[in-house]
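Here is a short briefing on one protein model. Look through the structure first, then read the points below.

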Amino acid sequence: MYEVEIKFVVGDAAALKRELERFNIAWLPIMTEDDIFYQHPQRDFRQTDEALRIRQAMQENGSQFCTLTYKGPKLDKETKTRREIEIPIAADTAYPENLESMKEIFTALGFRQSGFVHKLRQEGTFSYAGRSFNVCLDELPELAKRNQPSHFIELETLVHSDDWESARNAVKELASLLGLSDSVQSSYLELLQT
């Protein structure tokens, strides 16, 4: 699958949430996400524009899940469209050893941790132009400590490889309807490491 995504800095998150209500958005509870990024022992992911990540997410109600994600190189300069492969590591707190075992496997294979991102996220889903969209309202406390923009919105949809250009146009159209401009191409990891 390909993730077609576009990200923007948000000035007024509450106003943007109200604007999204016109799409009959279904909001999920706010969650905390901790992302650990890994570097390949013989391939520099900064040069190849790839990412390998373990995400541990915890909802307000205490339920948690972990996923392993590979992201391929971006396909264009306007959006963050790229191939994405994601698998669950553990679905709840009953299997914390799965997360630790995955970290041990990476270390044994020569991968090293290359970065960490902590954020608060609220996700919502809705339909637009015949597509299912996911919106993520994110807050990065570490950026706020540096007096840098720390609130963002990501608009995204998942598609097959032959549909990414049409999906890209729909994402851009949706962003325009929401009054969003000047997309952010840097990943959260890149923003934190600058």
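In which sense do β3 and strand β4 pair, and over how many bridges? The two strands pair in the antiparallel sense, over eight bridges. Keep in mind that this is a predicted model.

**Overall build**
- The protein holds six helices and nine strands.
- Its radius of gyration is 17 Å, close to the 16 Å that the globule rule gives for 194 residues, so the protein is as compact as a globular protein of that length.
- The C-alpha trace spans about 50 × 35 × 35 Å along the principal axes.

**Packing and contacts**
- Of the 194 residues, 45% count as buried.
- Take the contacts with a separation of 6 or more: 63% of them come from residues 24 or more positions apart.

- Strand β3 covers residues 31–39.
- Seven of its nine residues are buried, under 20% relative accessible area, so β3 is largely enclosed by the rest of the structure.
- Strand β4 covers residues 51–59. Within β4, Leu52 is the bridge partner of Tyr38.
- Strand β7 covers residues 112–128 and runs antiparallel to β3, with nine bridges joining the two.
- Arg112 in β7 stands opposite Gln39.

How values were computed. Residues numbered from 1 in each chain as written. Predicted model: local features only at pLDDT ≥ 70, side-chain atom pairs only at ≥ 80, totals over all residues. Heavy atoms only, no water. Helix = DSSP H or I, 4+ residues; strand = E, 2+ residues; numbered from the N terminus. Rg over C-alpha atoms; globule rule 2.2 N^0.38 Å. Buried < 20%, exposed > 50% of the residue type's maximum accessible area, 1.4 Å probe, protein only. Contact = heavy atoms within 4.5 Å. Pairing = 2+ DSSP bridges.
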